[in-house]
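Subject: Handover of a structure

Hello,

I am passing on the structure below, together with notes on what turned up in it. Please look it over before you read on.

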Amino acid sequence: MNKPLIGAFFAALLLGAGITPAVAAESAQAQESATETAPAAKAVTFAGTVALSNCSGSVVRSPDSQPTDPALVLSNGHCLETGFPGPGEVLVDRPSTRTFTLLNASGTGVGTLKASKIAYGTMTDTDLSLYELTSTYEQIETSYGIKALELETAHPVAGTAITVASGYWKRTYSCDIDGFVHQLKEGRWTWKDSVRYTPECQTIGGTSGSPVIDDATGKVVAVNNTGNESGQECTDNNPCEVDENGEVTVREGINYAQQTYNMVPCIGIGNKIDLDREGCGLPKP
């Protein structure tokens, strides 16, 4: 995974769960300094992205979300403060008081947002978390002049120019969607129909949870989550691709994201997560 940046206590918790501890911030900073990325498209800024304590994220809305609805923050399941969900584990409506630093277009923190609950979180089939905030979209826009990023409702297309916008590092990574992976396996987890980037997007620890933005539309098409770091096959931090025939392919240095269009139908009236809604593609508890 594009490892979250965490303290010793949380690292110990993850070790107990059998997960390799995340790199320290200093290590990731050194890697980040050595990484060059193509400039982001002019249309893509940091407005609406957030920095978590250990990851990146964004304030998002579905096309049907209303200004008075409680706002949602999108990140990864492996960024949850509760630790990595196990295979088959799905969290719904868990209380949370997590805070997020809201960024403006230039990447400056302009305010703190607070969660009321983990609305949804899992690492099964996808790597996703959605937090419900104590603030509405209208309140955020009135206070900070920042609108939520809109979620795309359609499956993305190979060749699309994208930008991964990391609120944690205040850095963008620009590349194209190279294609889609039938199954992406990493350690104990399996993700379906994952987005594979072209090599230019060299995402690092702390970029987990970043929105993947279509440069042409400005809409969120995926959430950044992992990459093969050292060429190993299907191990932690070294995901492998498995096609429909079971053939395994390892792409060292290539990074991936999880699509978000299939979660849009799960967002019901009042921004409540309803896994029984028609078209909802998220796993159930």
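**Second largest pocket**

Seven nonpolar, three polar and four charged residues make up the lining of the second largest pocket. Please keep in mind that the model is a predicted one. The space in this pocket comes to about 170 Å³. Its lining consists of 14 residues, and those nearest the centre are Arg61, Tyr137, Glu141, Lys147 and Ala148. Strand 2 and helix 3 are the elements that contribute two or more residues to the lining. Helix 3 has the largest share, with four residues.

**The chain as a whole**

The chain has 285 residues, and 54% of them count as buried. Three helices and 16 strands are assigned. Among contacts with a separation of 6 or more, 67% are between residues 24 or more positions apart.

In soluble globular proteins, nonpolar side chains tend to be buried together. Here the largest nonpolar core has 43 residues, and the members that touch the most others are Val59, Leu74 and Phe100. At least two residues each come from strand 2 (56-61), strand 3 (70-75), strand 4 (90-95), strand 5 (99-103), strand 6 (109-122), strand 7 (128-136), helix 3 (137-144) and strand 13 (220-227). Strand 6 supplies the largest share of this core, five residues. Another core, of 14 residues, lies apart from the largest one; Ile162, Ile177, Ala222 and Ala257 are among its members.

What does Val59 touch, not counting residues up to four places away in sequence? The list is Gly48, Val50, Ala71, Leu72, Val73, Leu102, Leu113, Tyr137, Ile140, Ala148 and Leu149.

**Aromatic pairs**

A pair of aromatic rings is described by the distance of the centres and the angle of the planes.

Phe84 and Trp189 form a tilted pair, with 5.9 Å between centres and 50 degrees between the planes. This pair links distant parts of the chain, 105 residues apart: Phe84 belongs to the loop between strand 3 and strand 4, and Trp189 to strand 11 (residues 189-197). Phe84 and Trp189 are both buried.

The pair of Phe100 and Tyr131 is edge-to-face, at 5.1 Å centre to centre and 70 degrees between the planes. Phe100 in strand 5 and Tyr131 in strand 7 are 31 residues apart, and this pair too links distant parts of the chain. Both of its residues, Phe100 and Tyr131, are buried. Phe100 is also one of the residues that touch the most other members of the largest core.

Most residues other than glycine have a negative phi, and most peptide bonds are trans.

- Asp125 has a positive phi, near 70 degrees, and is not a glycine. Asp125 sits in the loop between strand 6 and strand 7. Its relative accessible area is 27%, which lies between the 20% and 50% limits, so Asp125 is partly exposed.
- Cys234 is not a glycine either, and its phi is positive at about 65 degrees. Cys234 is in the loop between strand 13 and strand 14 (240-242). It counts as partly exposed, at 22% relative accessibility.

Is Cys55 buried or exposed? Its relative accessibility is 0%, under the 20% limit, so Cys55 counts as buried. Cys55 is in the loop between strand 1 (49-51) and strand 2. Setting aside neighbours within four places in sequence, Cys55 has contacts with Pro4, Ser75, Cys79, Tyr168, Gly206 and Ser208. Between Cys55 and Ser166 the C-alpha to C-alpha distance is 8.3 Å, while 111 residues separate them in sequence.

Lys114 is part of strand 6. With 41% relative accessibility, Lys114 counts as partly exposed. Beyond its neighbours within four places in sequence, Lys114 is in contact with Thr97, Arg98, Thr99, Leu133 and Thr134. Of these, Leu133 is 19 residues away in sequence and 5.6 Å away in space, C-alpha to C-alpha.

Regards

Technical notes: Residues numbered from 1 in each chain as written. Predicted model: local features only at pLDDT ≥ 70, side-chain atom pairs only at ≥ 80, totals over all residues. Heavy atoms only, no water. Core = buried A, V, L, I, M, F, W, Y, C linked by side-chain atoms within 4.5 Å. Buried < 20%, exposed > 50% of the residue type's maximum accessible area, 1.4 Å probe, protein only. Contact = heavy atoms within 4.5 Å. 1 Å grid on protein atoms, 1.4 Å probe; cavity = no way out; pocket = protein on both sides within 12 Å on 5 of 7 lines; lining within 4 Å. Points joined across faces, edges and corners; volume = space filled by probe spheres on them. Nonpolar A, V, L, I, M, F, W, Y, C, P; charged D, E, K, R; others polar. Phe/Tyr/Trp six-rings, centres within 6.5 Å; stacked < 30°, edge-to-face > 60°.
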